[in-house]
Amino acid sequence: MSGIIFYTNPMSRGRIVRWMLEELGQPYQTRVLEYGPQMKSPEYLAINPMGKVPAVVHGTAVVTEAAACCAYLAAAFPEAGLAPAPGTPESAAYFRWLFFAAGPSEAAITNAHFGFDLPDDPQARGRSGYGSLEAVADALATMLSDGRDYVTGTSFSAADVYVGSQILWGRMLGTLPDRPGFTDYADRLSARPAAARAREIDDALVSGPS
């Protein structure tokens with residue numbers, strides 16, 4: 001397959017996929033799209049009908065949604081070692097927490113950021129998929145409570161890019177309640193060279209030409 005084309009904006013969830021690409025160690029082209037007409041252009045809507053970023057084009061493959069981009073890239077480039085072997089306990093943890101972060105975690109953190117509260121009703125909380133922000137924080141803390149360094153245990157994976165981004169984002173926004181293990185996990189991930197490179201690239205794009 002041909003190379004990777006990465007559609008993003010530095011003020012978007014594209015920062016998650018940028019980090020993943022830097023961990024991958026493969027060359028990629030970046031195409032920065034501005035909010036508004038560029039993202040809603042017919043050319044880009046043919047790639048992502050939602051008219052939002054990020055998106056990854058890899059040869060004839062098109063992937064949208066940040067978690068899906070992370071999972072796809074890990075599978076497409078197994079030599080990077082960013083996904084555990086299928087059918088293992090590590091793989092179970094990988095998929096479990098990757099999808100937990102993409103579903104309940106992101107919904108709870110986003111709703112809290114915009115001040116949206118679910119009705120104080122067990123049925124409504126059950127139907128929401130995440131119940132409460134506190135339940136999400138407790139679940140993530142439980143995952144880390146056995147002392148593991150990463151989602152799957154001792155090995156960093158694409159799941160950490162996404163789960164870690166949700167924890168880092170929730171802490172930055174001040175919406176994710178703090179729990180034991182969050183600080184150490186967040187610091188461990190932030191210190192990774194690929195994470196630092198990704199931040200530097202996107203921060204420079206936000207700042208513009210000096």
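Reader: Where is the place of Thr175?

Author: In this predicted model, Thr175 sits in the loop between H7 and H8.

Reader: Why is Thr175 called buried?

Author: The relative accessible area of Thr175 is 13%. A residue counts as buried when this value is under 20%, and Thr175 is therefore classed as buried.

Reader: Which residues is Thr175 in contact with, leaving aside its neighbours within four places in sequence?

Author: Thr175 is in contact with Ile109, Ala112, His113, Leu133 and Gly170. As for Leu133, 42 residues separate it from Thr175 in sequence, while the two C-alpha atoms are 8.5 Å apart in space.

Reader: What makes the span of helix H6 agree with its number of residues?

Author: Helix H6 covers residues 133–144, which is 12 residues.

Reader: How do you know that the buried residues of H6 line one face of the helix?

Author: Seen down the axis of H6, the buried residues fall within an arc of 155 degrees, and therefore they line one face. These residues are Leu133, Val136, Ala137, Leu140, Ala141, Met143 and Leu144. They pack against helix H4 (89–113), helix H7 (158–173) and helix H8 (182–190).

Reader: Which residues touch the most other members of the largest nonpolar core?

Author: Met20, Leu73 and Val163 do, in a core of 52 residues. Strand S1 (4–8), helix H1 (14–24), helix H3 (66–76), H4, H6, H7, H8 and helix H9 (193–207) each give two or more residues to this core. H4 gives the most, with 8 residues.

Reader: What is Leu73 in contact with, beyond its neighbours within four places in sequence?

Author: Leu73 is in contact with Ile4, Val17, Met20, Leu21, Leu24 and Val56. A second, separate core has 9 residues, among them Ile5, Met39, Tyr44 and Val57. In soluble globular proteins, nonpolar side chains tend to be buried together.

Reader: At what angle do H1 and H7 pack, and is their crossing left-handed or right-handed?

Author: The angle is about 145 degrees, and the axes of H1 and H7 are 10 Å apart. The crossing of these two helices is right-handed.

Reader: Which residues of H1 and H7 meet?

Author: From H1 come Ile16, Trp19, Met20 and Glu23. In H7 they meet Ala158, Asp160, Val161, Tyr162, Ser165, Gln166 and Leu168.

Conventions: Residues are numbered from 1 along each chain as its sequence is written. This is a predicted model: local features need pLDDT of at least 70, side-chain atom pairs count only at pLDDT 80 or more; totals for chains, interfaces and linings use all residues. Side-chain values use heavy atoms; hydrogens and water are left out. Helices (H or I, at least four residues) and strands (E, at least two) are DSSP runs, numbered from the N terminus. The expected span of a helix is 1.5 Å times one less than its number of residues. Buried means under 20% relative accessible area, exposed over 50%, partly exposed in between (1.4 Å probe, protein chains only). The arc is that of the directions from the helix axis to the C-beta atoms. Contact means heavy atoms within 4.5 Å. A nonpolar core is a set of buried Ala, Val, Leu, Ile, Met, Phe, Trp, Tyr and Cys residues joined through side-chain atoms within 4.5 Å. Axes are lines fitted to C-alpha atoms, for helices over the stretch in contact, and angles run from 0 to 180 degrees between N-to-C directions. A crossing is left-handed if the near helix is turned anticlockwise from the far one by less than a right angle, and right-handed if clockwise.
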